[in-house]
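Good morning, everyone, and thank you for making the time. Please have a look at the chain on the screen, and then I will go through it one part at a time.

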Amino acid sequence: GVNLHRVERANSFSRDFASGSITLDELNKRLTSLRHEILYKKLTMLFATALSAGAFFFFFEQTLNFVTFVDFFIAFFASLASQSVILFTRIRYSYQFARTFLSSALTAVWAILLMKLFGAGNVDFVLIGSIFPLLPGLSLTNAVRDTVMGDIVSGTVRIVEAFLIAIAIAGGVGIVLASYIGFGGVL
């Protein structure tokens, strides 16, 4: 990912070095500590992502009623489950395609289970809100930027990366929904 806070701090360190206020050894120590600095704890990131996924659901619903709030909580918990896979299995699954596929499938499973448990909800809106944090927005933006700047190879690679992430999301959700309907479930 891109952490603009780290970019700004590294830029500040390089300016301090260029002005002569710190030595090369001090610059190296600062950059090493910056590399290992944790900006947000995993649980904070997990909760914020799930909250944003649940809140994204309100773009689709114009009325506030009990079913809307049930859908919000279903989207929140489904996103919480999928983001848990991404945050806590990063070391075990080094391939982004596998992580995204697994987390999107898990999102669909949780959304269906929770909707059947509560007996309410709109599966389409819940799934859209839940998988929203998985979408490759930054990859696609960087692909367009690279292509416009004339870096055709880099832009093409990033577009393919964004496309593969989208395929992983669609595949994970699609397989779960197809399996659910194939075993007699009704959405």
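Predicted model: local features only at pLDDT ≥ 70, side-chain atom pairs only at ≥ 80, totals over all residues.

Let me begin with a question: is Ser-79 buried or exposed? Ser-79, then, is buried, and its relative accessible area is 0%, which puts Ser-79 under the 20% limit for calling a residue buried. This serine is part of helix α4, and once its neighbours within four places in sequence are set aside, its contacts are Thr-49, Ala-50, Ala-53, Ser-130 and Pro-133. A further reference point is Leu-106, which is 27 residues from Ser-79 in sequence, while the two C-alpha atoms are 8.9 Å apart in space.

The crossing of α3 and α4 is right-handed. On the α3 side, the residues that make the contact include Leu-43, Leu-46, Phe-47, Thr-49, Ala-50 and Ala-53, and on the α4 side they include Phe-72, Phe-76, Ser-79, Leu-80 and Leu-87. Sorted by class, the contact of α3 with α4 has 14 nonpolar residues, five polar ones and one charged one.

Now let me step back to the chain as a whole. How many helices and how many strands are there in the chain? There are eight helices and zero strands, so that, read from the N terminus, the order of elements is α-α-α-α-α-α-α-α. The radius of gyration is 21 Å, well over the 16 Å that the globule rule gives for 187 residues, and the chain is therefore more spread out than a compact globule. Along the principal axes, the C-alpha atoms fill a box of roughly 70 × 35 × 35 Å. Of the 187 residues, 33% are buried, and the accessible surface of the chain comes to about 11800 Å², with 68% of it belonging to carbon and sulfur atoms. As for contacts with a separation of 6 or more, 64% of them are accounted for by residues 24 or more positions apart.

I would like to finish with a few individual residues, going along the chain. Asn-3 sits in the segment before α1, and with a relative accessible area of 22% this asparagine is partly exposed. The C-alpha atoms of Asn-3 and Leu-39 are separated by 9.0 Å, although the two residues are 36 residues apart along the chain. Lys-41, in the loop between α2 and α3, counts as exposed at 64% relative accessibility. Between Lys-41 and Ile-131 there are 22 Å in space, C-alpha to C-alpha, and the pair is 90 residues apart in sequence.

Further on, Thr-100 lies in helix α5, residues 96-118, and counts as buried at 5% relative accessibility. Leaving aside its neighbours within four places in sequence, Thr-100 is in contact with Ile-165, Ala-168 and Ile-169.

Terms used. Residues numbered from 1 in each chain as written. Heavy atoms only, no water. Left-handed = near helix turned anticlockwise from the far one by under 90°. Helix = DSSP H or I, 4+ residues; strand = E, 2+ residues; numbered from the N terminus. Contact = heavy atoms within 4.5 Å. Nonpolar A, V, L, I, M, F, W, Y, C, P; charged D, E, K, R; others polar. Rg over C-alpha atoms; globule rule 2.2 N^0.38 Å. Buried < 20%, exposed > 50% of the residue type's maximum accessible area, 1.4 Å probe, protein only. Areas by Shrake-Rupley, 256 points an atom, 1.4 Å probe, with all protein chains shown as cover.
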